[in-house]
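Try each task before reading its solution.

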Amino acid sequence: MDLKAVVSFICLAALCLTSTEAGIPKCCLQTAKKISAHMLSKVEKWEVQQNNGVCFIQALVLYIRGRKKPVCADLGIKRMLKRRLRVGSNRAV
């Protein structure tokens, strides 16, 4: 009887641990102040990380072609990124 309770508790604990990993957001902990123009030209998409309680800093999260992990950049790069993407889209036409 006690063995069933222990096994049930272990299974329940393992289930709780594995299911909570998907709920933890990935946040940028630090940002890069300078990003090369070559790297900016390879940006596929980007998003702004807000410091809304879950994440502690505001950051620009850049998803770069050929990299598995996103790059965390300073929000000041956003203007340069938009300009670079606009120039790139004009060049493709």
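Two strands pair if DSSP finds at least two bridges between them. Helices (H or I, at least four residues) and strands (E, at least two) are DSSP runs, numbered from the N terminus. This is a predicted model: local features need pLDDT of at least 70, side-chain atom pairs count only at pLDDT 80 or more, and totals for chains, interfaces and linings use all residues. Residues are numbered from 1 along each chain as its sequence is written, and side-chain values use heavy atoms, with hydrogens and water left out.

**Exercise 1. Find the order of the strands in the sheet.**

Step 1. E1 and E2 pair in the antiparallel sense, over 6 bridges. Here Glu47 stands opposite Val61 in E2.
Step 2. The 3 strands form an open, antiparallel sheet in the order E1-E2-E3.
Step 3. E1 (43-49) and E3 are the edges; each has a single partner strand, so one side of each lacks a neighbour in the sheet.

**Exercise 2. Find the disulfides and their handedness.**

Step 1. Look for cysteine sulfur atoms within 2.5 Å, the cut-off for a disulfide. The count comes to 2.
Step 2. Cys27 bonds to Cys55, with sulfur atoms 2.0 Å apart. The S-S torsion is about -65 degrees, so this disulfide is left-handed.
Step 3. Cys28 bonds to Cys72, also with sulfur atoms 2.0 Å apart. The torsion here is about -75 degrees, so this disulfide is left-handed.
Step 4. In sequence order, the bonded cysteines pair 1-3, 2-4.

**Exercise 3. Which residues does Val43 touch?**

Step 1. Contact means heavy atoms within 4.5 Å.
Step 2. Leave out residues up to four places away in sequence; Val43 then touches Leu62, Tyr63, Ile64, Leu81 and Leu85.
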